[in-house]
Amino acid sequence: MALRTPGGCHLLPPRIRVSPATLSPPPAQLPLFHKPNSNNLKLSNPIIATPRASMANDNSSPAFSASQSTARIGEVKRVTKETNVSVKINLDGKGITDSSTSVPFLDHMLDQLASHGLFDVHVRATGDIHIDDHHTNEDVALALGTALLQALGDRKGINRFGDFSASLDEALIHVSLDLSGRPHLSCDLHIPTERVGSYDTQLVEHFFQSLVNTSGMTLHIRQLAGKNSHHIIEATFKAFARALRQATEYDHRRAGTVPSSKGVLSRA
């Protein structure tokens with residue numbers, strides 16, 4: 001069919017001439033699903049994966065260079081006339097725990113700290129438990145706080161703050177902490193019984209006070225609900241472990257700087 005242009009001209013459809021050569025089959029090719037011999041393949045420009053932490057970020061700012069390759073481990077030995085305590089903590093661990101303090105309930109709580117904080121915690125303690133558990137409980141916490149202080153170092157690149165609420169059945173505990181270098185404890189627990197097993201429940205607050213004093217931590221503990229003494233204490237250690245995990249983990253946006261407007265976080 002002819003087409004008419006606005007000027008009145010007629011356009012004829014083009015004629016296509018097909019030659020025999022056009023219809024001849026193409027040269028033989030490999031079948032579509034042919035699998036070549038992989039031994040004969042060689043990448044001319046192989047791609048090597050680069051870890052994300054070693055690359056510049058999307059804003060072309062310097063790559064994060066906090067020394068995460070250096071293990072953050074604190075190890076302390078404390079010997080007095082009352083106790084003999086050794087503590088080792090790895091902040092970048094996998095939740096491995098190995099604690100023996102001769103105070104079974106304290107061992108159970110140290111297990112919570114390791115498991116829920118993903119810290120590797122090794123504690124050995126002997127003490128005058130023939131009197132009571134007070135000195136052993138206190139000195140384990142003092143040594144643990146000192147080991148934590150040692151492991152944190154200059155605290156460059158960490159989140160610094162941690163906040164977590166943990167429940168255990170009817171108990172609900174909120175913990176907020178700041179690795180500020182300034183020791184302070186505010187503890188609002190209402191534990192209804194004097195003992196859990198043989199463990200004096202007054203020692204819970206004393207444990208955290210001792211840990212705060214040597215680690216240089218600001219720590220707030222609030223009981224929001226709870227009736228069972230065991231549940232209240234265990235939820236406290238779980239919430240503390242998770243809050244401490246948050247605070248000690250790296251903030252990649254800080255790129256290895258100290259999380260303080262003063263430029264330093266220390267006990268001094």
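Axes here are lines fitted to C-alpha atoms, for helices over the stretch in contact, and angles run from 0 to 180 degrees between N-to-C directions. Helices (H or I, at least four residues) and strands (E, at least two) are DSSP runs, numbered from the N terminus.

The model is predicted: local features need pLDDT of at least 70, side-chain atom pairs count only at 80 or more, and totals for chains, interfaces and linings use all residues. Residues are numbered from 1 along each chain as its sequence is written, and side-chain values use heavy atoms, without hydrogens or water.

Of its 268 residues, 40% count as buried (under 20% relative accessible area, 1.4 Å probe, protein chains only).

Next select residues 203–215, helix 4, and residues 229–248, helix 5. Their axes come within 11 Å and cross at roughly 20 degrees. Helix 4 and helix 5 are therefore roughly parallel (an angle under 35 degrees). Which residues make the contact? Show V204, F207, F208 and L211 of helix 4, with I233, T236, F237 and F240 of helix 5; contact means heavy atoms within 4.5 Å.

Now select residues 104–117, helix 2. This helix has 14 residues and reaches 20 Å from its first C-alpha to its last, close to the 20 Å expected (1.5 Å times one less than the number of residues). Buried residues in helix 2 include F105, L106, M109, L110 and L113.

Methods
Buried means under 20% relative accessible area, exposed over 50%, partly exposed in between (1.4 Å probe, protein chains only). Angles under 35 degrees count as roughly parallel, over 145 as roughly antiparallel, 65 to 115 as roughly perpendicular and the rest as oblique.
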